[in-house]
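Keep the viewer open as you read.

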Amino acid sequence: QVQLVESGGGLVQAGGSLRLSCAASGRTFSSYGMGWFRQAPGKEREFVADIRWSGGNTYYADSVKGRFTISRDNAENTVALQMNSLKPEDTAVYYCAVRIRPRLYKSSGYRDPDDYDYWGQGTQVTVSS
């Protein structure tokens with residue numbers, strides 16, 4: 001059974017940093033792409049970042065580009081999201097997700113929640129102004 005568990009969320013002041021981690025179990029995840037999404041109250045879940053199975057290709061939403069970095073450790077079955085220069089508008093529940101089923105290649109990354117098959121329970125990130 002696939003399980004994803006996020007950690008590292010919390011309360012931080014604007015301009016600060018947080019590092020989210022997602023631990024995956026139930027499969028060997030080194031063959032699968034993984035992503036981070038977020039959902040603020042009253043809003044739809046939105047794409048944050050995507051990383052290919054090898055870790056060699058990464059993709060970001062324009063709103064976080066230059067501030068967030070996605071990475072993965074295939075030996076440890078983990079994916080991380082380093083978030084710097086946080087803004088109040090980054091406040092949301094952050095979810096990691098994994099793509100298991102084969103999908104058509106997308107050159108700009110997999111930005112649709114339907115591109116992912118399994119999700120974690122989420123971790124709250126709150127940025128105060």
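Is Ser 85 buried, partly exposed or exposed? At 40% relative accessibility, Ser 85 counts as partly exposed; buried means under 20% relative accessible area, exposed over 50%, and partly exposed lies in between, with a 1.4 Å probe and protein chains only. Ser 85 sits in the loop between strand 8 and strand 9, and its phi is near 50°, a positive value in a residue other than glycine.

Before going further, a word on the ground rules. What you're looking at is a predicted model, where local features need pLDDT of at least 70 and side-chain atom pairs count only at pLDDT 80 or more, while totals for chains, interfaces and linings use all residues. Residues are numbered from 1 along each chain as its sequence is written, and side-chain values use heavy atoms, with hydrogens and water left out.

Now zoom out to the fold. The protein chain has 0 helices and 11 strands, where helices (H or I, at least four residues) and strands (E, at least two) are DSSP runs numbered from the N terminus. Read from the N terminus, then, the elements go β-β-β-β-β-β-β-β-β-β-β. The radius of gyration is 14 Å, close to the 14 Å that the globule rule gives for 129 residues, so the chain is as compact as a globular protein of that length. (That radius is taken over C-alpha atoms, and the globule rule is 2.2 Å times the number of residues to the power 0.38.) Along its principal axes, the C-alpha trace spans about 40 × 30 × 25 Å.

How is that chain packed? Of its 129 residues, 43% count as buried. Take the contacts (heavy atoms within 4.5 Å) with a separation of 6 or more: residues 24 or more positions apart account for 60% of them. The accessible surface comes to about 6,600 Å², and 46% of it belongs to carbon and sulfur atoms; the areas come from the Shrake-Rupley method with a 1.4 Å probe, and for residues only the protein chains shown count as cover.

Val 127 has a relative accessible area of 6%, so it is buried. Setting aside neighbours within four places in sequence, Val 127 touches Val 12, Gln 13, Ala 14, Leu 86, Lys 87, Pro 88, Asp 90 and Thr 91. Phe 37 is 90 residues away from Val 127 along the chain, and their C-alpha atoms are separated by 16 Å.

Gly 56, in the loop between strand 5 (46-51) and strand 6 (58-60), is exposed with a relative accessible area of 60%. Its C-alpha atom and that of Arg 72, 16 residues apart along the chain, are separated by 9.8 Å. Ser 107 lies in the loop between strand 9 (92-98) and strand 10 (118-119) and is exposed too, at 55%. Leaving out neighbours within four places in sequence, Ser 107 is in contact with Arg 52 and Tyr 59. From Ser 107 to Gln 121 is 14 residues along the chain, with 28 Å between the C-alpha atoms.

What about empty space? Rolling a probe the size of a water molecule over the atoms shows where it is left. Here a 1 Å grid is laid over the protein atoms alone: a cavity is a set of points where a 1.4 Å probe fits but cannot get out, a pocket is an open set with protein on both sides within 12 Å along at least five of seven lines, and lining residues have an atom within 4 Å of a point. Grid points are joined across faces, edges and corners, and a volume is the space filled by probe spheres set on the points.

The largest pocket has a volume of about 170 Å³. Its lining includes Tyr 32, Arg 52, Trp 53, Arg 99, Arg 103 and Tyr 110, and by class comes to 6 nonpolar, 2 polar and 4 charged residues. In this scheme Ala, Val, Leu, Ile, Met, Phe, Trp, Tyr, Cys and Pro count as nonpolar, Asp, Glu, Lys and Arg as charged, and the others, Gly among them, as polar.

Strand 7 (68-73) and strand 8 (78-83) each supply at least two residues of its lining. Among the lining residues is Asn 77, in the loop between those strands. Asn 77 counts as buried at 18% relative accessibility, and its phi is near 60°, again a positive value in a residue other than glycine.
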